[in-house]
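Please have the model open as you read.

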Amino acid sequence: MTCGRNYIERFDNMVKALSMAVISVGAIGALACAAGAKKLFDSTIPRQDKLKVDLSEMADMHKWDEYKKFMIPNREWLQSQQLEHITIRASDGIMLHADYFPSEIRSDKLVICCHGYTGTGITNCASIAVFFHKIGYDCLIVDHRAHGKSEGRYIGFGILDRYDCRKWIEYIDDRFNNTKEIVLYGVSMGGTTVLMTSGFSDLSDSVKAVIADCAFTSPYDVFSHILKRDYHLKPFPIMNINDKMCRKKAGYGFKDFSTLDAVKATDLPIMFIHGKKDNFVPTWMSEKNYRACNSPKEIYLVDNAGHGAAYYEDPAECEERIRRFLEKYL
C-alpha cells in the first residue's frame, strides 16, 4: 500500500472526528476542544498497524492502477531476493529493523531508504531500491519506529526518526569501517526524516547527499494545513492541546524541530522532489525548504503528481535526474 493512500486516509478520518468536536465548542467549550485534541492524538501518533484504506478518499486514485503496474513487479522481485535482515537498538532502547540488499558487484555507495507514514520499507521503497540497485548502490531499507517490524508505541514524524536514521548511519560506518558513501533517500515522512537528519552538526562525513520526496516541514505544519484546508479551522487551541499530549506521551513536541532548521544548517547537497498536485503535503513546503537551503541544491516539481506519486508519474525522468544529481557529488 502506498504512503500517499495511507497518509491521506488516516488524516481525513482524524479531521472528520476532530471537526465534530470543534463544531460543538460553543456548547461545551474547552471540554470539546480537549476531546477533539485527544481524538487527533489517538488517530495519528500511536502505532497504526490496523489502518484500513478507503481508496475513494484519494484525489488521484485513478492513477494508482497505472502506478501499480510499475510498483508491484518491483516489489515482488525485491522480495524474491536474498535480503539480509538487520536489527539495531535506538537511543531509547527500542529495536529497529531493516533489510540490507547489496549491489551485485562490490560497491562503495549505499542508500538508506526511508518510507512514509504507516508504510514499511519494503512496501513503500521497493521501486526506488530496485533503481538504486541497478545503478550500483547497496540499499538499506528501514522500517521506522512504530512501523513494520520495528518496535515503538509512538510515531516520530521525523522528529524522533532523525535520531534513528543517525543510528543506522553509525551502524553502516561501523560495519564497513567508514568505506561507504551514503545517500539518504526518503518519501513523505521519510523525506522529512532525511532532511531533519541532515541538520545534525555531528553527522558522519560518510553521508554525501540527501534526496527528499514530498517532505513536510514539520508535524505542526502538516496537521495545521489539513485543519485549515478541509474544515477552515485554526491551529489554536486544538494543536496546542495535542502538542502537550504528544510531548507527555511520545516525548516530543510538534515544533521541536523542522526541516527548515535542518536545511539552513547543513552543507550537504539536497535534491527536493514534489508533485505539483499534492494536496496533502502542499508543494510550497518543498519550495520553502529549497529557498531556505544554503547548501548545493536542486528541485524537481512533477506535473500531474499527487502525494507520494512524483516518482511513479514519470519514473524514467525522475531516475535520470537523480542519477545526474548523484554523479555531481559522489
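Searching the whole structure turns up zero disulfides.

Cys 113 is buried, with a relative accessible area of 0%, and Cys 139 counts as buried at 0% relative accessibility (buried means under 20% relative accessible area, with a 1.4 Å probe and protein chains only).

## How the model is read

This is a predicted model, in which local features need pLDDT of at least 70 and side-chain atom pairs count only at pLDDT 80 or more, while totals for chains, interfaces and linings use all residues. Residues are numbered from 1 along each chain as its sequence is written, and side-chain values use heavy atoms, leaving out hydrogens and water.

## Helix H5 against helix H13

Now to the helices, which are DSSP runs of H or I with at least four residues, numbered from the N terminus. Helix H5 (residues 121-134) and helix H13 (residues 315-329) have axes that come within 12 Å and cross at roughly 50 degrees; axes are lines fitted to C-alpha atoms over the stretch in contact, with angles from 0 to 180 degrees between N-to-C directions.

Which residues make the contact? From H5 they are Ile 128, Phe 131 and Phe 132, and from H13 Glu 319, Ile 322, Arg 323 and Leu 326, where contact means heavy atoms within 4.5 Å.

Technical notes:
Helices (H or I, at least four residues) and strands (E, at least two) are DSSP runs, numbered from the N terminus. A disulfide is a pair of cysteine sulfur atoms within 2.5 Å. Buried means under 20% relative accessible area, exposed over 50%, partly exposed in between (1.4 Å probe, protein chains only).
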